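Please look at the sequence and the structure together before you read on.

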Amino acid sequence: MRSDMLFGITEEAFSSFLLQANRRTLAETIRFFFEADDQTIEELRAWAGKARDKMYGKRVFFRALIEFSSWCKNDCYYCGLQRSNQNAVRYRLSDDEIISCCRTAYERGIRTFVLQSGEDPSYSDFRLCRLITEIKEQFPDSAVTLSVGERSPDSYQRLFDAGADRYLLRHESANEDHYRKLHPPTQRLCDRKRCLFHLKEIGYEVGTGFMVDSPDQTNETLADDFIFLRELKPDMIGIGPFIPHHDTRFAGYEFPSAKHTLILLSLIRVMLPGVLLPATTALAAADDRGFEKGLMAGANVLMPNASPLKHRDAYALYDHKPNEGKGTIEQWHQWVHWVESLGLQPDFSRGDSKMKQMDGER
Ligand code: 5AD
């Protein structure tokens with residue numbers, strides 16, 4: 001990839017280039033932008049903005065994030081909630097507490113609740129189905145998103161039948177060797193992928209994603225991530241910088257900047273314009289202006305933290321996670337003003353994805 005190749009081409013032409021590029025070309029393109037000057041990155045951002053506007057206009061969607069259990073049976077090497085972290089503070093919310101979080105968000109106009117937890121076996125299908133049914137009864141015009149990890153196809157089907165609309169499960173890395181560097185041998189990339197395809201087949205709107213600058217990530221493993229995203233065609237793609245947690249084997253890694261995440265957000269937006277792209281909390285943790293910069297790079301979703309304040313510190317996936325102030329449900333009014341001040345339009349509808357329109361086979 002050479003810089004003069006970019007002059008005069010439209011964002012559509014660049015989009016088809018990204019959709020067709022092989023692994024090597026994708027890796028070269030990613031490196032090109034990682035090393036590019038500010039003006040070139042600005043050009044990429046402008047393309048991403050155009051692509052987003054064509055699919056979604058200036059709208060920015062809100063999802064309330066409810067972190068309902070910090071118990072986890074897995075041992076992802078990068079995550080502060082990994083089972084072997086004896087220092088992690090563990091909590092579980094009751095159904096009533098979860099519903100009360102939904103109500104707070106609902107009263108502020110939010111119509112999507114994201115229920116996220118570690119892989120906590122105490123939330124059986126029965127219990128989750130009962131909870132989803134209750135939420136749907138009380139807030140019928142809302143979408144329920146689950147983010148509770150790998151489960152069996154039957155379980156995914158039951159949760160869907162109970163009313164769950166969407167499911168978030170990041171693939172973390174689409175490269176086998178890299179996935180193994182980040183996870184113990186009991187966790188396998190093929191299982192993760194299988195779950196994602198099952199979820200899609202059942203009819204969920206599916207979100208996946210990965211951390212940026214995670215240990216041993218290269219431009220080539222990122223190219224594998226792009227190829228996997230092209231194959232899965234998820235409705236939502238969550239990416240954010242890897243931030244070391246002090247109780248993990250990766251504690252000594254450098255605190256990241258937002259730079260690579262912002263470039264990848266723009267590239268993903270141009271490659272798959274119909275996808276929902278959050279400006280994530282990790283991005284805001286890495287950069288004080290992370291949310292703004294994410295939206296300007298092509299993101300169009302914000303996920304205010306709506307968990308009970310007293311438990312937020314315990315849901316510590318990484319260090320320096322912002323639990324108060326910007327990015328929380330309490331800062332509601334500021335969010336709205338601040339999205340408007342960027343020339344964007346806060347949207348409180350369910351905000352379904354446009355991927356289906358682009359993906360003829362579905
Ligand atoms: N830094 C950034 N993101 C992390 N996650 C887990 N640990 C970290 C970390 N140290 C992300 C993973 C997971 C999501 C819920 O949080 O990608 O899928």
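In this predicted model, His 320 counts as partly exposed, because 13 other C-beta atoms lie within 10 Å, and a residue has to reach 20 or more to be called buried. His 320 sits in the loop between helix H13 (309–312) and H14, and its phi angle is near 65 degrees, a positive value in a residue other than glycine.

**A second residue with positive phi**

- Glu 172 also belongs to a loop, in this case the one between strand S5 (166–168) and helix H7 (176–182).
- The phi angle of Glu 172 is near 70 degrees, which is again a positive value in a residue other than glycine.
- Is Glu 172 buried or exposed? Glu 172 is buried, because 22 other C-beta atoms lie within 10 Å.
- Glu 172 is also one of the residues that surround the ligand.

**The surroundings of the ligand**

- The shell around the ligand is made up of Tyr 78, Cys 79, Arg 170, Glu 172, Met 211, Gly 240, Phe 242, Ile 243, His 245, Ala 282, Leu 317 and Tyr 318.

**The chain as a whole**

- The chain contains 15 helices and nine strands, and of its 362 residues 46% count as buried.
- A compact globule of 362 residues would have a radius of gyration near 21 Å, and the chain, with 19 Å, agrees with that expectation.
- Along its principal axes, the C-alpha trace of the chain spans about 60 × 45 × 40 Å.
- If you take the contacts between residues at least 6 apart in sequence, 80% of them join residues at least 24 apart.

**Strand S3 and its neighbours**

- Strand S3 (residues 112–117) is mostly covered, since five of its six residues are buried.
- On the side of strand S2 (residues 64–69), S3 pairs in the parallel sense over five bridges, and Ser 117 of S3 is the bridge partner of Ser 69.
- Between S2 and S3 the chain passes through helix H4 (residues 95–107), and this β-α-β crossover is right-handed.
- S3 also pairs with strand S4 (residues 143–147), in the parallel sense and over five bridges, with Leu 146 of S4 as the bridge partner of Leu 115.
- Together with helix H5 (residues 125–138), S3 and S4 make a right-handed β-α-β unit.
- As background to these pairings, strands of a sheet pair through backbone hydrogen bonds, either parallel or antiparallel.

**A sheet of three strands**

- An open sheet is formed by three strands in the order S8-S1-S9, and the pairing within this sheet is parallel.
- Why is one side of S8 and of S9 left without a neighbour in the sheet? Strand S8 (301–302) and strand S9 (345–347) stand at the edges and each has a single partner strand, so one side of each stays without a neighbour there.
- Strand S1 (residues 59–62) pairs with S8 in the parallel sense over two bridges, and it is Val 301 in S8 that partners Phe 61, while Leu 302 in S8 partners Phe 62.
- S1 pairs with S9 in the parallel sense as well, over three bridges, and here the bridge partner of Phe 61 is Asp 347 in S9.

- Trp 338 lies in helix H14 (residues 332–341) and counts as partly exposed, because it has 17 C-beta neighbours inside 10 Å.
- Trp 338 and Glu 292 are separated by 46 residues in sequence, and in space they are 8.5 Å apart, taken from C-alpha to C-alpha.
- Phe 17 is found in helix H1 (residues 11–20) and counts as partly exposed too, because it has 18 C-beta neighbours inside 10 Å.
- Phe 17 and Val 270 are 253 residues apart in sequence, yet their C-alpha atoms are 10.0 Å apart in space.

Terms used. Residues are numbered from 1 along each chain as its sequence is written. This is a predicted model: local features need pLDDT of at least 70, side-chain atom pairs count only at pLDDT 80 or more; totals for chains, interfaces and linings use all residues. A residue is near a molecule or strand if its C-beta atom, placed from the backbone, lies within 6 Å of it. A residue is buried if 20 or more other C-beta atoms lie within 10 Å of its own, exposed if 12 or fewer, and partly exposed in between; C-beta atoms are placed from the backbone. Helices (H or I, at least four residues) and strands (E, at least two) are DSSP runs, numbered from the N terminus. Two strands pair if DSSP finds at least two bridges between them. A crossover is right-handed if, with the strands pointing away from the viewer, the path from the first strand over the helix to the second runs clockwise. The radius of gyration is taken over C-alpha atoms; the globule rule is 2.2 Å times the number of residues to the power 0.38. Two residues are in contact if their C-beta atoms, placed from the backbone, lie within 7 Å.
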